[in-house]
Amino acid sequence: MKIQQGREEINSNGGNILIGALLRLNYWDKISQMTTERIKHGEISHGDILKIAAGLLAQGRNDFGDIDLYRDDPLFKEALGLRKIPSSATLRQRLNDLGLCNEGQTLIDGCVVELLRKVSDFGTIRTQHGQYIPMDIDVSVMLQPDNKKEGVGWTYHNAAGYAPIFCHLGTHGYMLANELREGSQHSAKGAVEFLNRCFGLAKQIGLELDKLLVRVDSGHDDKAFVGALCASGARFLVKRNLRSECREQYLALARRVGIKQPSREGKNIYRCVLSHRKPEGLENEPIFMVVEVIERLTDAKTNQKFLIPELEVSTWWTNLPEDEATCIELYHAHGTSEQFHSELKSDMGLERLPSGKFTTNALILNLVTNCKTCSIVTRANNSKSTILPPTAVTTARAHANFSPSSKSTTTLPHAARKNLPLNSKTKNFAPFTNAAVRPNRVSPQSDRTAYRRRQTFYRTTYAMQGFRIQKTPCRMGRAHP
């Protein structure tokens with residue numbers, strides 16, 4: 001086996017058609033009508049600029065220079081419904097200008113609402129006393145080492161970066177909103193405004209707030225945040241920050257009023273619900289405190305006794321009509337949102353944002369909200385989703401082969417055999433470009449109601465060098481001019 005590295009580039013265009021179909025939103029036209037002093041209307045509208053950036057992000061490309069790979073790609077242009085594709089410099093400048101118009105980081109919210117309205121099932125959690133749609137709000141660090149980007153600060157991970165806040169809806173990971181923040185900003189700062197923004201978007205989608213279950217960690221254990229949750233009517237689970245509270249008092253209280261849970265020898269687990277403890281200023285609200293105390297008397301591996309028992313105390317504010325075991329289990333499921341953050345950073349390659357300007361990076365992060373929804377739909381292939389009808393598509397390739405004796409090109413036997421003329425009288429001779437095009441075969445199935453046809457283009461360029469024919473393959477997915 002011989003492996004040889006070439007200079008050609010192979011681009012995957014299969015997802016462009018799906019992304020283009022998902023991003024056909026009417027709200028782009030409203031954005032295109034926006035006018036400011038800094039932005040001039042050119043051949044490429046504001047909506048097309050944002051669609052191009054979203055299309056690149058959906059393929060895991062977050063650098064401005066990546067657009068050069070698709071400037072001559074007709075499939076990328078047609079899939080996204082573009083009239084013209086800008087250069088990398090133009091794309092960067094236009095995104096910089098649009099970032100200045102993204103006040104409050106709400107420029108893309110209309111697109112998010114229009115796209116999520118088409119989702120029929122966000123994923124629910126069923127319990128003995130109800131059915132809830134989880135809304136997970138959490139802050140995640142995006143490390144930005146060795147740079148001087150605007151807004152980069154020292155995060156709680158003891159490293160330089162940003163500290164954006166995210167809101168995921170349902171169990172499938174649909175992103176409802178996000179907000180880029182400086183790395184040194186505390187989680188509770190601006191959290192109430194972000195919560196109200198998420199509730200407003202949920203209402204526009206058509207969700208009832210009393211069906212939502214908001215889950216947040218101890219970074220949002222704030223009187224104002226819990227008060228906003230109570231005023232909204234939504235269900236919630238807020239992890240408490242014990243701060244300087246005495247852990248031994250919780251142990252004594254749990255022993256007295258709690259229920260001991262089955263566990264290994266040398267480990268005691270107590271759980272209880274307290275109704276007399278409430279946040280300051282919210283004494284009249286129907287809020288309860290769920291308490292879990294774990295007392296470790298021996299080491300789990302060596303079974304050696306501790307001189308001083310280890311205490312682990314966890315408490316939550318909640319208004320759920322569930323028992324303590326169900327509440328604790330529901331909060332543990334909140335850890336799934338950490339996986340959604342990981343997918344954002346790894347699959348989409350957004351660990352490091354491309355621009356040095358904070359407003360531009362904020363706009364790019366906001367565009368990820370739509371891209372995340374597109375990736376979930378294409379990955380899950382949810383038959384209940386109304387965004388795209390289910391399709392059955394199989395591809396068929398056609399490669400061209402040059403024969404010097406017959407002075408023509410012939411497609412290989414595994415494809416439909418087809419001769420393409422090549423001689424000195426041919427207008428595309430030396431060098432020439434031909435394309436073998438064959439539409440994909442669609443296999444109908446009884447349980448599918450809609451079918452999609454697509455064409456795969458392959459181009460092969462040959463360079464004439466004396467009596468020698470040299471085959472130079474170009475990028476796959478590009479059609480002949």
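Modeller: In this predicted model, a residue is called buried when its relative accessible area is under 20%.

Biologist: Why is Thr-155 called buried?

Modeller: The relative accessible area of Thr-155 is 3%, and the cut-off is under 20%; therefore Thr-155 counts as buried.

Biologist: Where is Thr-155 found, and which residues does Thr-155 touch, not counting residues up to four places away in sequence?

Modeller: Thr-155 belongs to the loop between β4 (153-154) and β5 (160-162). With residues up to four places away in sequence left aside, Thr-155 touches Val-141, Gly-161, Tyr-162 and Gly-183.

Biologist: What makes the pair of Tyr-162 and Phe-358 tilted?

Modeller: The structure holds 4 aromatic pairs. In the one formed by Tyr-162 and Phe-358, the ring centres are 6.0 Å apart and the planes stand at 55 degrees. Rings pair if their centres lie within 6.5 Å, and planes under 30 degrees apart would be stacked, over 60 edge-to-face.

Biologist: What caps the N-terminal end of α8?

Modeller: The cap is Asp-222, with a side-chain oxygen 3.0 Å from the backbone nitrogen of Ala-224. The limit for a polar contact is within 3.5 Å.

Biologist: Which residues of helix α8 are buried, and what do they pack against?

Modeller: In α8 (residues 223-232), the buried residues are Phe-225, Val-226, Ala-228, Leu-229 and Cys-230. They pack against α7 (191-205), β8 (212-216), β9 (235-239) and β13 (305-318). After α8 comes Gly-233, which has a positive phi, near 90 degrees.

Biologist: How many helices and strands does the protein have, and what percentage of residues count as buried?

Modeller: The protein has 12 helices and 21 strands. Of its 481 residues, 48% count as buried. Among contacts between residues at least 6 apart in sequence, 63% join residues at least 24 apart. The protein exposes about 24,800 Å², of which carbon and sulfur atoms supply 48%.

Conventions
Residues numbered from 1 in each chain as written. Predicted model: local features only at pLDDT ≥ 70, side-chain atom pairs only at ≥ 80, totals over all residues. Heavy atoms only, no water. Buried < 20%, exposed > 50% of the residue type's maximum accessible area, 1.4 Å probe, protein only. Helix = DSSP H or I, 4+ residues; strand = E, 2+ residues; numbered from the N terminus. Contact = heavy atoms within 4.5 Å. Polar contact = N/O pair within 3.5 Å; in protein donor to acceptor, adjacent residues only side chain to side chain. Areas by Shrake-Rupley, 256 points an atom, 1.4 Å probe, with all protein chains shown as cover.
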